[in-house]
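Let's take a walk through this chain, starting with the whole thing and then settling on a few spots. Have the viewer ready.

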Amino acid sequence: MAFSTRLLYKSRQLYGSQAVLRQEVAIPVRFYSKEASPPGLKGDEILKNIFVEVKNKFETALGIFRKEKITIDPDDPAAVSQYANVMKTVREKAGLFSESQRIKYTIETRTQGIPDVRTYLLTLKEIRSKRGLTDELGAEAMMMGALDKVEKEIKKPLMRDDKKSMALLTAEFDKINKKLGIRKEDLPKYEEQLELKIAKAQLEELKKDALEAMETQKKREEFKDEAMPDVKSLDIRNFI
């Protein structure tokens with residue numbers, strides 16, 4: 001029996017690779033808040049609905065992973081693109097958030113009720129940092145500089161409901177976007193680039209999990225004389 005096939009039955013570590021799937025089917029609890037729930041539902045009924053919803057999404061995602069071929073090669077752009085497309089199919093079929101949608105949802109929920117722009121921007125910075133996103137263009141510093149300029153002009157903290165002063169800030173932000181070459185019509189392209197970056201990172205994690213699992217099993221007596229297969233040759237469909 002081939003080493004990769006025997007590994008399927010002997011090692012539990014590879015199931016760590018399913019963290020990708022668990023991440024994809026994560027559902028914000030706020031979706032099941034009292035406001036979003038049908039009237040008259042009791043707590044146990046709400047929890048039951050949550051369980052059924054998550055179960056259905058999980059099974060839908062699992063079904064797609066069982067059909068689609070994924071090559072664990074984060075250094076191959078074609079493999080990364082294919083994996084990103086598989087994950088996109090999972091999200092569309094299971095009704096899940098993309099990373100961009102997750103970020104948007106987080107921003108909306110975290111900033112709801114924040115009255116002033118400075119706290120709002122600082123919260124955005126915190127969200128970016130916690131999600132591991134980098135500000136390679138230095139846009140945050142530019143936006144804070146624009147806010148400083150507007151607040152100096154109006155001689156008070158800028159509030160989000162101050163439409164006249166917010167128009168001044170928006171004009172400053174437009175200048176920043178133009179300077180950085182950021183256009184609204186290019187947003188889909190930026191989202192695609194983000195999804196590819198995430199797909200590459202997830203493939204790297206899958207590769208790491210697979211190598212660690214094989215290294216562990218290689219130390220066992222029954223595997224000592226068997227050659228370790230190339231990770232790229234593994235078929236994830238056999239491990240689900």
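Accessible areas here come from the Shrake-Rupley method with a 1.4 Å probe, and for residues only the protein chains shown count as cover. On that basis the chain has about 15400 Å² of accessible surface, with 54% of it belonging to carbon and sulfur atoms. Bear in mind that this is a predicted model: local features need pLDDT of at least 70, side-chain atom pairs count only at pLDDT 80 or more, and totals for chains, interfaces and linings use all residues. Residues are numbered from 1 along each chain as its sequence is written, and side-chain values use heavy atoms, with hydrogens and water left out.

The overall make-up is quick to tell: nine helices and zero strands. Helices (H or I, at least four residues) and strands (E, at least two) are DSSP runs, numbered from the N terminus. Of the 240 residues, 35% are buried, where buried means under 20% relative accessible area, exposed over 50%, and partly exposed in between (1.4 Å probe, protein chains only). Take the contacts (heavy atoms within 4.5 Å) with a separation of 6 or more, and 68% of them join residues 24 or more positions apart.

Now pick out α8. This helix has 18 residues and reaches 25 Å from first C-alpha to last, close to the 26 Å expected at 1.5 Å a residue; that expected span is 1.5 Å times one less than the number of residues. Its buried residues are S165, L169, E172, F173 and I176. Seen down the axis of α8, they fall within an arc of 100°, so they line one face of the helix; the arc is that of the directions from the helix axis to the C-beta atoms. Covering them are, among others, α6 (117-130) and α7.

In the loop between α7 (139-154) and α8 (163-180) sits K155, which has a positive phi of about 60° although it is not a glycine. K155 is exposed, at 73% relative accessible area. Just after α8, G181 takes a positive phi of about 75°.

Last stop: the aromatics. Rings of Phe, Tyr and Trp (its six-membered ring) pair if their centres lie within 6.5 Å; planes under 30 degrees apart count as stacked, over 60 as edge-to-face and the rest as tilted. That rule gives one aromatic pair. F97 and Y105 form it, tilted, at 5.7 Å centre to centre with 50° between the planes. F97 is partly exposed at 24% relative accessibility, while Y105 is buried at 17%.
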